[in-house]
Amino acid sequence: VRLAVLNEPEAEEEVIFNQHQQLPRTRWSLEDEGIGPADTHWHDSRRKSKVATNGQSDVAFSSPLETEVIPDQKLLQQISRAESSGGCRDSSRKIDPHLDFFLALAICNTVVVSMANAHRQRACMSPSSSQTNNPLEAFSSMLKKAGALFQRKSKRNYSLSEDPVIDSTKTESSRDPNRLQTCSLHALSQNDILTAESEDLCYEAESPDEAALVYAARAYGFILLARTPNSVTVRLPSGEELVFEVLDTLTFDSNRKRMSVLVRHPVTKEYVLYTKGADYAIMELLGTPYAENISGIEKNIAAYTQHHLDCYAKEGLRTLCITKKVVSESTYQSWLGKRKRAQAAIECREELIMETAVQLETKLTLLGATGIEDRLQENVPDTIVALREAGIHVWLLTGDKPETAVNIGYACRLLEEEDLVINMSCQNKLTCTSILDCTLEEVRRYGEDPRNVGTTLNISLVIDGNTLAMAMSPDLQERFVDLAKQCRSVLCCRVTPLQKSRVVKLVREKLKVMTLAVGDGANDVNMIQAADIGIGISGQEGMQAVMASDFAISRFKHLKRLLLVHGHWCYTRLANMVIYFFYKNVAYVNLLFWYQFFCGFTAMTMIDYWLMIFFNLFFTSTPPILFGIFDKDVSAEVLQGVPELYRTGQGKGEYNFLTFWISILDAFYQSLVCFFIPYLAYQDSDVDIFTFGMPLNTAALFTILLHLAIEIKSWTVVHWIIMLGSVALYFIVTLAYSAVCVTCNPPSNPYWILQSQMADPMFYLICTLSTVVALLPRYTFHVLKNSVAPSPLLQGRQLDRMEPSTRNQWIKEWRGFRGGPLVKRYELSDPPSPTRATPVDFFTESLTDADFMGDDNSLNVITDNHHRAVQYDDNLFRKL
Amino acid sequence: MGKAKDKSGPLARRPDNSAFKQQRLPAWSPILTANTVLPFFYLLALICMLLGVWLLLTVQSTQEIKLDYTELGNCDQCFQLRKNVSYAAQTCSCKVEFSIDRAFKGDVFFYYGLKNFHQNLRRYMDSRDDEQTLGRKTKLKNPSSYCEPFAKDVEGVPIAPCGAVANSMFNDSFTLTYHPSRSRTIPVPLLRKGLTWYTDKNVKFRNPKTDNLTLAAAFEGTRQPLYWQKPVYDLDPHDPTNSGFINEDLIIWMREAAFPNFKKLYGILNRADASFTKGLPKGNYTIDISYNFPVQYFQGRKEVVLTTLTWFGGQNYFLPIAYLVTSSLILLMAVVLTLAWWKFGKDGKNMKE
């Protein structure tokens, strides 16, 4: 029984990313904690709160890792019992595995301890903690500021309660209630004393997972007090402080997928190796490599633990195994020699060190397993659905196990219930090839089947790291990309950071699409840099991703606004402004060109050249810049409400071959009008060259500015000021220049020209006529198009004008009209095949692709439009 | 900057939460659809129509007569004579006749016109010195290099006014005569002053300071342009206020024409004379021309233009017609838009197509 219990503290900690603002912060002690019912309650509420939104903008920057840890009562009792029973530790060499487990949690990590109110001091105390850089510090201080809570809880998983082991512990503990009572009181009193002190402790970890485990240990009384390069101080529930001598730390790497800390137990003087790591990496190192040598009970434990681990993974928890190994003096000494040689090596140092680590990490004894819930941030499913509606393909690239990834996939609606999920996991290339071929064939046959015309097969591909590596080999990658193109979503599991970036590059190159990578961890950096647009989410995983990214956001949900609103605005602004700039220059320079036919092609200009310089520099420069910064074709609310509007920017967007040439043609037409109307009006008259140029210039000014006025979608007071200011500036500057300049600028004679022109009615007649005729086609075209075949964007703008309630009504009706429920809709309108016309006529489908990427909440979105997002938002801005 | 320093902490770099910086300014978003712009179209069409009609009526009241005298009548002899440079010094005069069927009412303007004369060639245009004609003493003797090769003569004497523009000044002169009957002739008096812009005559063109000397003395040390027959201070021997750089013919010539075919004002009918108070009566007229300006080198033509003006310039049918055409175009568009409006979004919401 006792050995069985060894495995019992399966310790399913769940780090709950939950911000509950409505509740006042509860400082809690053990007695507040209800046992069973409270747990289940929490369990439920957690599930629900996944969907619940409580994003208040003022806490947008606070970290979601928040936590109070609610220790499991039974586990606590076990610990206290173990404590008291093993009171005379010297006599019994055997340490209770429960204690050991938590000790391992507290020790086996690289978490650095700091006092919350004394950051400076901490820096002095632990000079080795080079990892604790500013972002982390900022992060922890933010925690305090935002008043958000680090909420975490350990709970008994009732779904596993049929486990005989657990049952047995239950009965055992109920046998002696009195003792139990005293024990828990004992623990409680200890805790009370310690609370004040330990409250100040701040753990700064490389990853939130590590911190979570330390917090969990703390909740059970194993408080990590200090860590120096050579020692770790841990306070036990009994209040005793143990100082472990740290002999070595075998750091984490993505090949071994585990880390170890070798310490010397201060009491027993044993060399103890604590190892924690990914379950599949640890399981094969248990006991001896040969299964038959493991005793039956140990085997059982391993099997039970594996069973629990699988259950955790299916729930979307991140699993870790904690193990221990007692190293004998002699083994340690010989190993130490090798280790030192490895460290001193000049060549292949990394490999040698890794090798020594592998040598030591064998025959481990399983202490327990943990499951950490990496909760989705709020609104992740909404965001993903919206991105999909916007025609963006989302891929998930994660280092998690396939089970976890699939679970997350369903949770964030990346996978839908009715999807056909293709699971690709194979050991050799041959199977991999055949799976690819079969699936492709199947998809093709489905498409050819007349019964399936008009529908698309919803395929989702789940592929694991090894298979991915094979699929991305040069001979298979074509097929892989082909298949991926057919899939609604692709989940790549257990991929290494390098693979992530390779996937992104592959998609970029093969599918010729715009890729966007979103990630929050250091392992996403490669991918973020490989993608066209890299977005970093700042959070507990540190700032690496943010520092490598083009744009930084604080929450995944902000991606929706970043892309759908700012991406859209930015795209339309840039597109329109660029087109306008081309137009403006063509229109104006062509005026000069037409004149060459009349001056013997001698490059004479009929406009004083200072005025020409000023024309581009002052008179018509600010309005297009303003247009490029301020224009909003559709309001943020509508853009978010109708993600489909984003598709206008993809492929067949506003900046394309046609719009470009139309505006160039328009520029030609307008310059013709602006030149030849004055020309014909002044033909055979006694007009002089610069007098002729003046109405020309003025008409061009009005035409170019009013052209912009037609294009501007929203007029604010700034627009009016700039527009009127430009015209006023033109007249003021030109009048002043004409009044002052008697002999300056020799070939031209600007003196008094505008003044005399403004006294001539002909000037006004010509300017008016030229402007009206020049702008008539564009204006009429706009009006006609808007009336006869309004673009989706225009419809969006019409939505804008409605009252919010009516607008929502409209959006609902419109969606209903567009065909069925949400899911159905993108089935219909989101086919990857570029040949088929969509039933929704104005949203022509675009071959877009996106990568959702996530170790949790990292996303990689690939679209084929050319957008960039702006950093002008109250919630989003670049931190660096 | 000072403002930025006030803030500290993690949000120090956060943009201001102002309506401007966060782009929350109240905006007006007009939607260009038929039902909103139709009134504007009709109104614009109406305005253009009215303007066009008014202009047309105004233009129709004007009269204009053009006479290409390059080889007309006995001017042909002069034309032939001018073909040879060696006879350039010889005077040649000729006479052209014309008749007016309808009286020219009001002010009548007498223009000379040139065809295919590119006053707007860049090198030609540049070849002038505005500071010299502004009367700057230093520039008088030392004209700008822009004037080259017409800055100084072969002996190095500075030319006033220098440059190709002044050098090529139009130098035909005209005398208009009215023949009320076969025997009677009345010279038509032309005002040869007050033709230029006020600013040109009084600001841009000044004679060098005379200091109580004669104008000729002021121009001492300079010589006339190569092609001129008389020096600049002698352009109008009778009127010192019309001589030198402020001679109106010179000023008008120096205002370079925009196009190769142009006309320049020569004189205005002096209606103070009893016979011409109402303008030019109908009848026969002759113009005595002192034919000096050669045009055959550039295949040019010379003409005289007699015209009355309106408030928006001479007889030019383009503007009224352009306004009428524009008006009808706008009207057409308006009708199309009306149809579109009728057929499609009458309610202005085309959400469902």
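**Close-up views of a predicted model**

**View 1. A nonpolar patch on the surface of chain B.** Seven side chains make up this one: B:Tyr42, B:Met49, B:Val53, B:Leu57, B:Leu331, B:Val335 and B:Leu339, together showing about 600 Å² of accessible area. Areas here are Shrake-Rupley values with a 1.4 Å probe, and for residues only the protein chains shown count as cover. A patch takes residues with over 30% relative accessible area and no salt bridge, joining nonpolar side chains (Val, Leu, Ile, Met, Phe, Trp, Tyr) within 5 Å and like charges within 9 Å. A salt bridge, in turn, is a Lys or Arg side-chain nitrogen within 4 Å of an Asp or Glu carboxyl oxygen. This is a predicted model, where local features need pLDDT of at least 70, side-chain atom pairs count only at pLDDT 80 or more, and totals for chains, interfaces and linings use all residues. Residues are numbered from 1 along each chain as its sequence is written, chains are lettered from A and ligands numbered from 1 in the order in which they are written, and side-chain values use heavy atoms, without hydrogens and water.

View 2. Helices (H or I, at least four residues) and strands (E, at least two) are DSSP runs numbered from the N terminus. B:Val335 sits in H11 of chain B and counts as partly exposed because its relative accessibility is 40%; the class lies between buried (under 20%) and exposed (over 50%), with a 1.4 Å probe and protein chains only.

**View 3. The annotated transmembrane regions of chain B.** An unreviewed UniProt entry puts "transmembrane region" on residues 31–57 and 317–342; such annotations may be inferred rather than shown by experiment. Residues 31–57 are 89% helix and 0% strand, with end C-alpha atoms 39 Å apart. For residues 317–342, it's 96% helix, 0% strand and 37 Å.

**View 4. A:Thr620 in a loop.** This residue falls between helix H23 (609–619) and helix H24 (622–630) of chain A, and counts as buried because its relative accessibility is 0%. The A:Thr620 side chain reaches the backbone oxygen of A:Phe615 at 2.8 Å.

**View 5. A:Arg258 in strand S9.** The strand covers residues 258–264 of chain A. With 7% relative accessibility, A:Arg258 counts as buried. Its side chain makes a polar contact with that of A:Glu361 at 2.7 Å (N or O atoms within 3.5 Å; within protein, one able to donate a hydrogen and the other to accept it, and sequence-adjacent residues count only if both atoms are side-chain atoms).
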